[in-house]
Amino acid sequence: MSPWLTVVGIGEDGFKGLGKNARHALLRATRIIGAQRQLDLLPVCIRGERQLWPSPFTLAPVLASRGEPVCVLASGDPMFYGVGASLARQVAAEELSVLPAPSSVSLAAARLGWPLQDVVTLSVVARPLAALNAHLASGIRLLVLSNDGSSPGLIAALLAQAGFGQSRLSVFEHLGGADERRIDGLAQSWAFAKVADLNLVAIDCQANSNTPRLSRLAGLPDSAFQHDGQLTKRDVRAMTLARLAPMPGELLWDVGAGSGSIGIEWMRTHPSCRALAIEADSARQGLIEHNRDALGVPGLQLIRGKAPEILQGLETPDAIFIGGGVTREGVLETCWQQLRPGGRLVANAVTLQSEMTLMNWRARHGGELTRIHVAQAQPLGEFDTWRQALPITLLDLVKPL
């Protein structure tokens, strides 16, 4: 089957910047779908019916035209955070042709002299701005696709609040067109509340001298989280996450999430990792919402309710952590039943009763028990001594295939 649908990447230089194949596709098309700004770039010789995307956005007009020669206009590279990626999930590869133009990130990297392979590329187009927090570290360079003209100012404020006010920003408007403009400045003194809606933000991240280091490895400082004491402490958290063993694209249930630390650190290991934080206490739910944004994983989904009842109907997880409530009737059984075959279950116990529950569970289902003792040096008069934290019993096991 020859492609009936062609996705044409078009830049600010319009029709004259297109290659031969893209021009021919537009000349043949009976219907051309795009944003008004993109349609306005086409000359009068393009005779196909011009159609705006509906609001709210949907691919329905394209899919309803299956079989006729249709062109869809997209900015730059349609497969980079673009409509081409969405269409590729709905249209068979043999029915679809994608003709990219240089993306805005390629043009920005060229202007800045930044090797593109060394840059982190992100988008805040209809996405939470808080996701940027997960990528902030001194020396990191970010290229961020803006949602609109207010995005650079909001990004600058976020950087300043996160302790990265010394970061240098370069905002590029209308890249590749006659109206291209570059604006430079520091995040802490950014003075442009509004720029052109079509813009990209380049960030050379520089932390303030007192900004804490927040590694992507498990075991963030306890001070990185707001909590009421219901927190899996740093050393135990690192050991717990090592046993949960997050892999790209996997889903975690954090049952009895407390401040959300396990689910948050799970998601920070890879952008495609997902987590559900199950928590019944309303005050702790607020802590989870704060922590997930502050640490750059706004996609962490908060499930408000008490296990095991609230667990029914949730998406099947690849791993489950039970930080509290293992003695509650049905919690372990429901989690084990819902866990996918080959998935990992890790549960921590502090009390004798919860420890006995884990020992009994291991006797029936196997797994490994680990006793964790952590002591820290603290003052005792003029000297120092070891202060022992409550010992933790950790059960980890894999569900048989």
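Visitor: How far apart do the C-alpha centres of domain 2 and domain 3 lie?

Guide: They lie 35 Å apart. The model is predicted, so local features need pLDDT of at least 70 and side-chain atom pairs 80 or more, while totals for chains, interfaces and linings use all residues. Residues are numbered from 1 along each chain as its sequence is written, and side-chain values use heavy atoms, without hydrogens and water.

Visitor: What makes these stretches domains?

Guide: An automatic or database domain assignment sets the bounds. Here it gives domain 1 (5–101), domain 2 (105–205) and domain 3 (222–399).

Visitor: How many residues of domain 2 and domain 3 are in contact?

Guide: 5 residues of domain 2 are in contact with 6 of domain 3. Contact means heavy atoms within 4.5 Å.

Visitor: What is the area buried between domain 2 and domain 3?

Guide: About 410 Å², with 68% from carbon and sulfur atoms. Buried area is the accessible area (1.4 Å probe) lost on putting two parts together, summed over both. In domain 2, Ala130, Asn133 and Ala134 lose the most to domain 3, together 71% of what that side buries.

Visitor: How many salt bridges cross that interface?

Guide: The rule finds 0. It asks for a side-chain nitrogen of Lys or Arg within 4 Å of a carboxyl oxygen of Asp or Glu.

Visitor: Why is the pair of Trp53 and Phe57 called tilted?

Guide: Rings of Phe, Tyr and Trp (its six-membered ring) pair if their centres lie within 6.5 Å; planes under 30 degrees apart count as stacked, over 60 as edge-to-face, the rest as tilted. Trp53 and Phe57 have centres 4.8 Å apart and planes at 55°, so the pair is tilted.

Visitor: And why is the pair of Trp336 and Trp361 edge-to-face?

Guide: Their centres are 6.0 Å apart and their planes at 85°, so that label applies.
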